[in-house]
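Walk through this model one piece at a time. Keep the structure open as you read.

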Amino acid sequence: MTVQWYPGHMHRTSKAIAERMAEIDVVIELLDARLPGSSANPLLARLRGDRPVLMVLNKQDLADPARTALWLDWYRARTATGALALDAAERAAARLLIDACRALAPGRHGLAKPLRVLICGIPNVGKSTLVNALCGRRMAKTGDEAGITRMEQRILLADDFYLFDTPGMLWPKIEIERSGYFLAASGAIGRNAYDDVEVALELLDVLRADYPERLAQRFGLAAPVEVSATPADQLLTEIGRRRGALQSGGRVDEQKAAERVLADFRSGALGRVTLETPERFVQWQAEADRARQEREAQRVERRQQRHPRQASSR
């Protein structure tokens with residue numbers, strides 16, 4: 001089973017966004033540049049309909065530049081979609097966001113037709129930091145914890161530019177298993193909803209294949225070629241041993257080792273890494289869709305077996 005987290009306040013947020021959407025011209029969806037597919041909210045995609053959307057890959061300074069370029073091209077190929085990468089804390093970069101929104105809705109300008117923009121994103125993606133940078137002052141609470149923002153704010157960025165800031169929101173069911181683990185690794189999911197060791201193992205499994213040199217350098221491990229050939233559980237044990245995450249008798253404390261791996265990923269201490277490519281994500285989505293269709297077919301078959309007469313009458 002994948003990681004799941006959809007507390008009640010997120011359900012309320014989704015209802016509020018649905019009600020607000022009728023008066024919105026452009027939607028900004030803030031993504032984590034290290035997991036641009038997994039951090040895109042399918043529920044938000046349904047709520048916004050055919051409105052123009054600006055996909056903003058935040059935390060680009062922590063992501064692999066080559067893969068960021070692939071994701072920007074992938075999103076820009078979509079209809080009525082813009083995409084850019086930035087670091088939320090930099091005001092100069094964040095100002096690009098305003099120009100990009102205006103380009104997506106050129107007919108909305110001036111006091112008679114102000115541009116109304118809704119900004120959304122998963123928890124802990126840096127949305128509050130970006131809002132503060134846009135405003136030039138502290139408007140929203142920030143912190144390295146999922147679910148800090150709980151109320152919508154309306155912010156006037158210019159005489160004809162209204163920004164509606166919404167709380168971080170996930171979706172009711174994360175169907176791509178890897179996405180659940182990646183979201184947990186990024187800090188987008190509440191701590192009580194996942195196991196640190198399981199998430200760290202999934203993270204190490206990707207990093208040892210794609211960035212073995214980063215693991216070797218950060219934790220003083222063997223040569224990258226050996227790291228890539230070492231199973232994730234053995235890597236976690238070795239990392240724990242080298243970082244002093246030990247219990248009595250010299251046994252490795254897997255929990256502490258996992259916490260160290262996750263902390264280093266979130267802070268960028270592992271270097272610039274991106275956990276997915278557009279090609280991989282499309283494949284994972286197709287696999288999840290097939291699995292969902294198979295489950296639905298099995299449910300239909302079970303209903304038919306329980307109620308054969310009803311099935312035959314149809």
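Start with a strand pair: V53 has T81 in strand 3 as its bridge partner. The path from strand 2 to strand 3 runs through helix 3, a β-α-β crossover that is right-handed. Right-handed means that, with the strands pointing away from the viewer, the path from the first strand over the helix to the second runs clockwise. Pairing requires at least two bridges found by DSSP between two strands. Helices (H or I, at least four residues) and strands (E, at least two) are DSSP runs, numbered from the N terminus.

Some ground rules come next. This is a predicted model, where local features need pLDDT of at least 70 and side-chain atom pairs count only at pLDDT 80 or more, while totals for chains, interfaces and linings use all residues. Residues are numbered from 1 along each chain as its sequence is written, and side-chain values use heavy atoms, with hydrogens and water left out.

Now look at how strand 3 is covered. In strand 3 (residues 81-86), 6 of 6 residues are buried. Buried means under 20% relative accessible area, exposed over 50%, and partly exposed in between (1.4 Å probe, protein chains only). T81, A83 and A85 are buried on one side, and G82, L84 and L86 on the other.

Move to strand 1 (residues 26-32), which holds E29. Is E29 buried or exposed? E29 is buried, because its relative accessible area is 2%. Contact means heavy atoms within 4.5 Å.

R154 sits in strand 5 (residues 153-158). R154 is exposed, because its relative accessible area is 58%. Beyond its neighbours within four places in sequence, R154 contacts Y162, L163 and F164. R154 and I174 are 20 residues apart in sequence and 29 Å apart in space, C-alpha to C-alpha.

Finish at the second largest pocket. A pocket is an open set of points on a 1 Å grid over the protein atoms alone, where a 1.4 Å probe fits, with protein on both sides within 12 Å along at least five of seven lines; lining residues have an atom within 4 Å of a point. The second largest pocket holds about 450 Å³ of space. Its lining has 23 residues, and A40, N41, P42, F281 and Q285 lie nearest its centre. Helix 2 gives the most to this lining, with 5 residues.

How values were computed:
Grid points are joined across faces, edges and corners, and a volume is the space filled by probe spheres set on the points.
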